[in-house]
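Here's a quick look at one helix and the packing around it. Have the model open while you read.

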Amino acid sequence: MNILAIDSSGLVASAALLCGDILTAEYTIHNKKTHSQTLLPMIHDMLEMADVAVGEVEGIAVAAGPGSFTGLRIGAATAKGLAQTLDIPIAPVPSLEALAFNLAGNSALACPVMDARRGQAYYGIYDVSGERPVALSEQAAASLSEVLEKINDLGRPVIFLGDGVPVFREQIVAETKPPCRFAADSVRYQRAASTAALGKLYFEEGAGVRAEKFAPLYLRMSQAERERMEKNTSRSSSGNLL
């Protein structure tokens, strides 16, 4: 099965092509351009260099969230558009599970943390010693203190990765009780190769969905939605005082 994988859930834009058991191509960009500028050209160039026609793609694996609201929407729109055009299924892959898969085979726990703003992180805690990550704490949004409390309760060596590492590094070092370290730069951020590998497992388990059934997993309201709700609440409160 030829699987095209897309991960635009964070700062990195990444695309990969898995042909059977072979990672045929991977294209990753980490710069200040928006994913709407980079993702489709990356996919086009990658398929062209791999000498694989877009019509030969049989499934799309996409990082389904949580993560950047804008990035997730761009990735979802790209995946849904291609899947509808080609009439092929989508395998939604949890973003944090894919990040944890970057450390597959490690005896230490993997704790991917993504900066969720407003003092919170998207996180998960995974045992990555086997064929695929096993969630010991399902992906969620929480303060980093809550994350580290769970890590401390587990009491096992842990590796932190994700774009939350530079943001929370000092707090992680200060408050983590078990032995901890940070992933190498080469595997710290999202890689579509991991999304592709997990997508293959999901497809084999029959977890693929049609394009119209796929929607990103946000876990929280967007900033615009929060601000709108706060404004409505403020107006309602003001009206009650009149």
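The notes below cover a helix and then the nonpolar cores.

This is a predicted model, with local features needing pLDDT of at least 70 and side-chain atom pairs counting only at pLDDT 80 or more, while totals for chains, interfaces and linings use all residues. Residues are numbered from 1 along each chain as its sequence is written, and side-chain values use heavy atoms, leaving out hydrogens and water.

Let's start with helix H7, residues 192-204 (helices are DSSP runs of H or I with at least four residues, strands are E runs of at least two, numbered from the N terminus). From first C-alpha to last, H7 reaches 18 Å, close to the expected 18 Å (that's 1.5 Å times one less than its number of residues). Of its 13 residues, 10 are buried, so H7 is largely enclosed by the rest of the structure; buried means under 20% relative accessible area with a 1.4 Å probe, protein chains only. Leu198, Leu201, Tyr202 and Phe203 are among the buried ones. Here's some of what covers them:

| Element | Residues |
|---|---|
| Strand E1 | 2-7 |
| Strand E2 | 13-19 |
| Strand E3 | 22-29 |
| Helix H3 | 95-101 |

Just after H7, Gly206 has a positive phi of about 80 degrees.

Now the cores: sets of buried Ala, Val, Leu, Ile, Met, Phe, Trp, Tyr and Cys joined through side-chain atoms within 4.5 Å. The largest has 24 residues, and Ile6, Leu17, Ile43, Ile60 and Ile90 have the most contacts inside it. Helix H2 gives this core its largest share, five residues. A second, separate core of 17 residues includes Phe168 and Phe182.

Methods. Buried means under 20% relative accessible area, exposed over 50%, partly exposed in between (1.4 Å probe, protein chains only). Contact means heavy atoms within 4.5 Å.
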